[in-house]
Each structure stands twice: as structure tokens, then as C-alpha cells.
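Here's a quick tour for anyone opening this structure for the first time. Have a look around, then read on.

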Amino acid sequence: MFLLRQLTRMSCQPSRLSNLTKSMRSLSITPFFDQKQAVQLFPRGDRKHKEINQMDDKECENVFNKVNQQLRKDEEGRLFAVIHLCGKQFKVTAGDIILVEGYWPPAIGDQISLEKVMLAGGKDFTLIGMPLVDPGLVDVKATIIEKTLSHTKTIFKKKRRKQYMRTNFQRSPHTMIRINTINIKGEINEPTTKVINEKQIF
């Protein structure tokens, strides 16, 4: 009660109130925390951190050199790739036949290049894109071999006690594609100048 009375009296006098606020600011501990520097959990200037980075760089270079040597000597084995085509992902190798559902413009006999490669690999290595591999690094060639319709689907509708009954049939277009070749061009870990033209990608 005594403190409340004193505060009410000081609030009536603006000079005393200003003195009180100044004294409270001087007692506050926020300036001490403002002046304190933030603690760095992982200082980048340490020698250990630099040594670890150098070791990682050397290991990456060794891996890249081994993969490039395999590619030069044609010792990579049978290559495979994960491609993005018409909203779906397909894992393919040379000689595989994949089926694309729905309407698709290419005609029979057309040879196309599938440039949306998400992953590619061989016997001892795998190249993973984020989300796509560098444009021009992996070349996937394919040929349209057949364009047909799917099997007939029966669509039956009925409403009981309403004398309503309908039977419809539906067939959707399908396109069959044969993967001709999968090749890795150039060397890994080298910047590519090729730019993907999204208008030519299916």
C-alpha cells in the first residue's frame, strides 16, 4: 500500500516520474546483453575446420577422378537413369520399353531426346540431380514405336427405383517408347554451358 501511494504521488509530479524512469533504465541489464557478442558454435576461422574442408575436397576430387577414368575407359557397365516424363518418373536402361498414358503429340517413328534426367548411374557410381542432373551431361535417346488405345473400360451407372441405368465404354490413348541409348557426355564436376529449352522437353 505504501508503494502504491508513493507511485501515485510521483505520477502526479512529472519531474519525479522522469527521474524514476532514468534510474530504472540505469539499473536495467539489457545494455550488458546488447554489448555481449554472439557465441559462435562452429567458428569458421579455426584450423580444424579448414583442415576438414580440405580433406573433404580431396576425397571429392578423388571420387570424381575415378568416375571420369571409368567413363574414359568405358568401364562404367550398363547405365541406368531415372527420367521425368509426362508427370511421372521412370527408371530405364538401354532397350527398355515404357508406356505413356494419355494423349502425347509425337508420332510413330519419331526419335526424341529425354532431357529431364533426375538420376543416372553405372556399376560403381550414381549421379543424383537436385532435382535434375546438369543439362547435357546425360543423353537419353528414345524412339516412338507404337500409339494405340487402352483396353475397353466399362462404366456402369444405376440408380435404384428410378429406372435409370447407363452403360458406357471408354478407351484412352497410349504411347509406347523404346529407350535406345543412355550416355554420359563430358566429365563430371565441370560446369556446362548448355541451357534446357523447356519448350522442347516432353
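Let's start at Ile 83: beyond its neighbours within four places in sequence, Ile 83 is in contact with Lys 88, Gln 89, Phe 90, Val 92, Ile 98, Leu 114, Lys 116, Val 117 and Val 140 (contact means heavy atoms within 4.5 Å). Keep in mind that this is a predicted model, where local features need pLDDT of at least 70 and side-chain atom pairs count only at pLDDT 80 or more, while totals for chains, interfaces and linings use all residues. Residues are numbered from 1 along each chain as its sequence is written, and side-chain values use heavy atoms, with hydrogens and water left out.

**Overall layout**
- The protein chain has four helices and 10 strands, counted as DSSP runs numbered from the N terminus (helices are H or I with at least four residues, strands are E with at least two).
- Along the sequence the pattern reads α-α-α-α-β-β-β-β-β-β-β-β-β-β.
- Among contacts between residues at least 6 apart in sequence, 68% join residues at least 24 apart.
- Of the 202 residues, 23% count as buried (buried is under 20% relative accessible area, exposed is over 50%, and partly exposed is in between, using a 1.4 Å probe and protein chains only).

**The nonpolar core**
- The largest nonpolar core has 28 residues, and Ile 83, Val 138 and Val 140 have the most contacts inside it.
- Such a core is a set of buried Ala, Val, Leu, Ile, Met, Phe, Trp, Tyr and Cys residues joined through side-chain atoms within 4.5 Å.
- Elements that each supply at least two residues of this core include α4, β1 (80-85), β7 (138-149) and β10 (173-184).
- Leu 114 sits in strand β4 and counts as buried because its relative accessibility is 5%.
- Leaving aside neighbours within four places in sequence, Leu 114 is in contact with Ile 83, Leu 85, Val 140, Ala 142 and Ile 179.
- The C-alpha atoms of Leu 114 and Ile 182 are separated by 9.9 Å, though the two residues are 68 apart along the chain.

**Strand pairing**
- β4 and β7 pair antiparallel over four bridges (strands pair if DSSP finds at least two bridges between them), and Ile 112 has Ala 142 in β7 as its bridge partner.
- β7 and β10 also run antiparallel, joined by 11 bridges, with Ile 144 opposite Ile 177 in β10.

**The largest pocket**
- This pocket holds about 290 Å³ of space, and of its 18 lining residues, Phe 64, Leu 127, Ile 128, Leu 137 and Ile 188 lie nearest its centre.
- α4 (47-73) and β6 (126-128) are the elements that give two or more residues to the lining.
- A pocket here is an open set of points on a 1 Å grid over the protein atoms alone, where a 1.4 Å probe fits, with protein on both sides within 12 Å along at least five of seven lines; lining residues have an atom within 4 Å of a point.

- Most residues other than glycine have a negative phi, and most peptide bonds are trans.
- The peptide bond from Met 130 to Pro 131 is cis, with omega near -5°, and Pro 131 lies in the loop between β6 and β7.
- Cys 86, in the loop between β1 and β2, has a positive phi near 55°.
- Arg 161, in the loop between β8 (153-159) and β9 (164-170), has a positive phi near 60°.
- Cys 86 counts as partly exposed because its relative accessibility is 37%, whereas Arg 161 counts as exposed at 66%.

How values were computed:
Grid points are joined across faces, edges and corners, and a volume is the space filled by probe spheres set on the points.
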